[in-house]
Amino acid sequence: VIPAKRNRRTPRELNKELYRQRNKVERCFNRFKNFRRVATRYDKSARNFTAFTCLAATLLNFSITLNT
């Protein structure tokens, strides 16, 4: 999915749509890492961690929705 280097002897085919989708997922995970509590797994219990992850996803979704 990652584009090949220009000097590669046998060039690989690039699927641009798949590359765009992969890029969106990577950017989403990077936005999650801005929440220190998610990035460092600050919560001890899985239930609290999952709850905050859902809350962070909701906040990110709202911010993306409001910006468009």
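Biologist: Which cysteine sulfur is closest to the sulfur of C54, and how far away is it?

Modeller: Good place to start! This is a predicted model, and in it the closest cysteine sulfur to that of C54 belongs to C28, at 12 Å. That is too far for a bond.

Biologist: How should I read such a distance in general?

Modeller: A disulfide is a covalent bond between the sulfur atoms of two cysteines. The cut-off here is 2.5 Å between the sulfurs.

Biologist: Which residues form a nonpolar patch on the surface?

Modeller: I2, L14 and Y19 do, and together they have about 250 Å² of accessible area. Of these, I2 sits in the segment before helix 1, which spans 16-33. With a relative accessibility of 49%, I2 counts as partly exposed.

Biologist: Where is confidence lowest, and where is it highest?

Modeller: Here is the general idea: where pLDDT is low, the predicted coordinates should not be read in detail. In this protein the mean is lowest in helix 2 (residues 36-39), at 78, and highest in helix 1, at 86. Averaged over the protein, pLDDT is 82, and 97% of the residues score at least 70.

Methods: Residues are numbered from 1 along each chain as its sequence is written. This is a predicted model: local features need pLDDT of at least 70, side-chain atom pairs count only at pLDDT 80 or more; totals for chains, interfaces and linings use all residues. Side-chain values use heavy atoms; hydrogens and water are left out. Patches are made of residues with over 30% relative accessible area and no salt bridge: like charges are joined within 9 Å, nonpolar side chains (Val, Leu, Ile, Met, Phe, Trp, Tyr) within 5 Å. Accessible areas come from the Shrake-Rupley method with a 1.4 Å probe; for residues, only the protein chains shown count as cover. A salt bridge is a side-chain nitrogen of Lys or Arg within 4 Å of a carboxyl oxygen of Asp or Glu. Helices (H or I, at least four residues) and strands (E, at least two) are DSSP runs, numbered from the N terminus. Buried means under 20% relative accessible area, exposed over 50%, partly exposed in between (1.4 Å probe, protein chains only). pLDDT is the predictor's confidence in each residue, from 0 to 100.
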